[in-house]
Amino acid sequence: MNRQLRVDWPACEARPAPRALPEIVDLDEWGYPIVTGPVTAELRADAVSAVRACPRLALRIVE
Amino acid sequence: MSSAGAGPCPIGPAGITHKHVPAVEPRRNSTYGCPCPPRWLSNAETWAHLGLLVHRCVAAYCRTGTAAEPGTALLSGTTPHDLPQVHEVAYGSRLRDVLPRTVAGAPALVGGFHGSWATWETVASLKVSVPGMRPLGVALGAGVVHAPGPGACPLALTVRITDYLASQCARRCGPCLNGLPAIALALHRVLDGSGGQARVEELASLVVRRGACAHPDGTVRLVRSLFTALPGEDSAHAAGGCIATGEARGVAS
C-alpha cells in the first residue's frame with residue numbers, strides 16, 4: 001500500500017530538513033514543500049526520518 | 001518525558017522522539033460532522049427555509065422548485081446601476097430572469113468572489129441548481145451573481161477582487177500567504193500588459209490545495225475561470241485593448 005506524505009500547512013514554516021526526501025519533495029519558490037509522489041516501500045524509512053527531522057512537526061505519513 | 005532533550009531545540013532532531021506526533025490525518029468536522037451533539041449550524045437562508053417549513057408544511061414547501069431540488073434559493077445580485085438585491089427564486093428557474101436587461105451580453109461572475117466567470121451565453125443558459133450548474137463549471141456557491149454589464153472589464157474586476165482576497169488571507173499557511181499576493185501582482189501585470197497568463201497559472205498551481213482552508217482554492221478558481229471563460233483577454237490587454245469592453249488596440253487607457 002502506498003502512503004502519502006502530508007504537510008500540516010499552518011504548522012509548516014518553510015524550514016525543510018536538509019536534503020529531506022528529494023525523490024518526492026520539491027520546494028516551491030518560497031521554500032515550502034511540494035509533495036510530488038507517494039511514499040513507496042523503498043522510501044518509507046527516509047520518509048519517517050523526514051517526518052522526525054521536521055523542526056515544526058509539520059509532516060506526517062498518511063495511508 | 002525523558003530528560004534526553006538536551007539539544008538546542010526541544011522539538012528538533014536532537015530532542016524528544018516525536019512519539020506524540022499523530023499518525024493519522026486529522027478529520028475535518030465540516031466533512032465528517034461534529035461527534036458531540038447538540039450541533040448548531042445555521043445561516044440566514046436556513047432560518048428562512050425553516051420558517052417556511054413551519055408555517056406551511058412539507059408538501060406546500062415542495063410545490064416550488066424541482067423534484068430533485070424542492071424549494072427556493074436566495075440569490076444576491078449586484079448590477080452596475082442598481083442597489084444590490086436579494087431574490088428568492090425557485091430551483092430550476094432561469095438565472096437570467098433575476099438580472100436586468102442592461103447586463104445582457106456581458107460576462108458575469110457567478111458564485112461570489114470565490115466563484116467563476118461565465119460568458120453571457122452560459123449565464124443565459126443556466127438554471128438555478130446546485131448539482132446542475134457544477135458540470136458547466138459555474139458553481140452556485142454563495143448564490144451571489146455579479147453582473148457588471150457591457151463596458152466593464154472582467155480582468156480589471158478580477159484584479160480588484162484578487163487584491164482583496166489576498167488581503168483576507170488568514171496568514172497561517174505559507175503558500176497562501178506568499179502565493180495570493182504574488183497572483184494579485186501577476187494579474188496586475190496582465191492587466192497593464194507587462195505580464196502574461198503563464199505566470200498567473202504557474203503561481204495558481206503552487207497555491208491550490210496547499211492550505212488548511214479553501215480560501216486559496218477559491219481564489220484560484222476565480223482567477224482560472226477568468227482565463228477559461230474569456231480566453232484571449234491577456235493578449236488583448238498586452239496589445240492595449242480589452243475584448244469584453246470592445247476597446248480597440250491602443251485605445252484603452
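# Briefing: helix packing, cores and loops

Chain B has 10 helices and five strands. The model is a predicted one. Of the 253 residues of chain B, 38% count as buried. Among contacts in chain B with a separation of 6 or more, 53% join residues 24 or more positions apart.

**Helices α7 and α8 of chain B**

- Two packed helices are described by the angle between their axes and the distance between the axes.
- For α7(B) and α8(B), the angle is about 165° and the axes are 9 Å apart.
- α7(B) is therefore roughly antiparallel to α8(B), since angles over 145 degrees count as such.
- The crossing of α7(B) past α8(B) is left-handed.
- From α7(B), the contact draws on Pro175(B), Gly179(B), Leu180(B), Ala182(B), Ile183(B), Ala186(B), Leu187(B) and Val190(B).
- From α8(B), Gln197(B), Arg199(B), Val200(B), Leu203(B), Ala204(B), Leu206(B) and Val207(B) take part.
- By class, the contact of α7(B) with α8(B) has 12 nonpolar residues, two polar and one charged.

**Helices α8 and α9 of chain B**

- Helix α8 of chain B spans residues 197-207, and helix α9 of chain B spans residues 215-229.
- The axes of α8(B) and α9(B) come within 10 Å and cross at roughly 155°.
- That angle makes α8(B) roughly antiparallel to α9(B).
- The crossing of α8(B) and α9(B) is left-handed.
- On the α8(B) side, the contact is made by Gln197(B), Val200(B), Glu201(B), Ala204(B), Ser205(B) and Val207(B).
- On the α9(B) side, the residues are Pro216(B), Asp217(B), Val220(B), Val223(B), Arg224(B) and Phe227(B).
- The contact of α8(B) with α9(B) divides into seven nonpolar, two polar and three charged residues.

**Nonpolar cores**

- In soluble globular proteins, nonpolar side chains tend to be buried together.
- The largest nonpolar core holds 30 residues.
- Within this core, Trp117(B), Leu155(B), Ile183(B), Leu187(B), Val200(B) and Phe227(B) touch the most other members.
- At least two residues of this core come from each of α6 (154-167), α7 (174-191), α8 and α9 of chain B.
- α7(B) gives the largest share of this core, seven residues.
- Apart from this core lies another, of 21 residues, which includes Ala73(B), Leu95(B), Val103(B) and Ala118(B).
- Val200(B) has contacts with Ile183(B), Ala186(B), Leu187(B), Val190(B), Val223(B) and Phe227(B), leaving out residues up to four places away in sequence.

- Thr162(B) sits in helix α6 of chain B.
- With a relative accessible area of 1%, Thr162(B) is buried.
- Not counting residues up to four places away in sequence, Thr162(B) touches Ile183(B), Ala184(B), Leu187(B), Thr219(B), Leu222(B) and Val223(B).

**The loop between β1 and β2 of chain A**

- Ala14(A) lies in the loop between β1 (4-7) and β2 (25-27) of chain A.
- Ala14(A) counts as partly exposed because its relative accessibility is 23%, in the range between the 20% and 50% cut-offs.
- The phi of Ala14(A) is near 55°, a positive value in a residue other than glycine.
- Ala14(A) and Pro33(A) are 19 residues apart along the chain, with their C-alpha atoms separated by 7.3 Å.
- Apart from neighbours within four places in sequence, Ala14(A) is in contact with Trp30(A), Gly31(A) and Tyr32(A).
- Leu21(A) is also in the loop between β1 and β2 of chain A.
- Leu21(A) counts as buried, at 4% relative accessibility.
- Leu21(A) touches Leu5(A), Leu43(A), Asp46(A) and Ala47(A), not counting residues up to four places away in sequence.
- The C-alpha atoms of Leu21(A) and Ser49(A) are separated by 8.9 Å, and the two residues are 28 residues apart along the chain.

**The loop between α6 and α7 of chain B**

- Arg171(B) is placed in the loop between α6 and α7 of chain B.
- Arg171(B) is exposed, with a relative accessible area of 62%.
- Arg171(B) is not a glycine, yet has a positive phi of about 60°.

Terms used:
Residues are numbered from 1 along each chain as its sequence is written. Chains are lettered from A and ligands numbered from 1 in the order in which they are written. This is a predicted model: local features need pLDDT of at least 70, side-chain atom pairs count only at pLDDT 80 or more; totals for chains, interfaces and linings use all residues. Side-chain values use heavy atoms; hydrogens and water are left out. Axes are lines fitted to C-alpha atoms, for helices over the stretch in contact, and angles run from 0 to 180 degrees between N-to-C directions. Helices (H or I, at least four residues) and strands (E, at least two) are DSSP runs, numbered from the N terminus. Angles under 35 degrees count as roughly parallel, over 145 as roughly antiparallel, 65 to 115 as roughly perpendicular and the rest as oblique. A crossing is left-handed if the near helix is turned anticlockwise from the far one by less than a right angle, and right-handed if clockwise. Contact means heavy atoms within 4.5 Å. Ala, Val, Leu, Ile, Met, Phe, Trp, Tyr, Cys and Pro count as nonpolar, Asp, Glu, Lys and Arg as charged, and the others, Gly among them, as polar. A nonpolar core is a set of buried Ala, Val, Leu, Ile, Met, Phe, Trp, Tyr and Cys residues joined through side-chain atoms within 4.5 Å. Buried means under 20% relative accessible area, exposed over 50%, partly exposed in between (1.4 Å probe, protein chains only).
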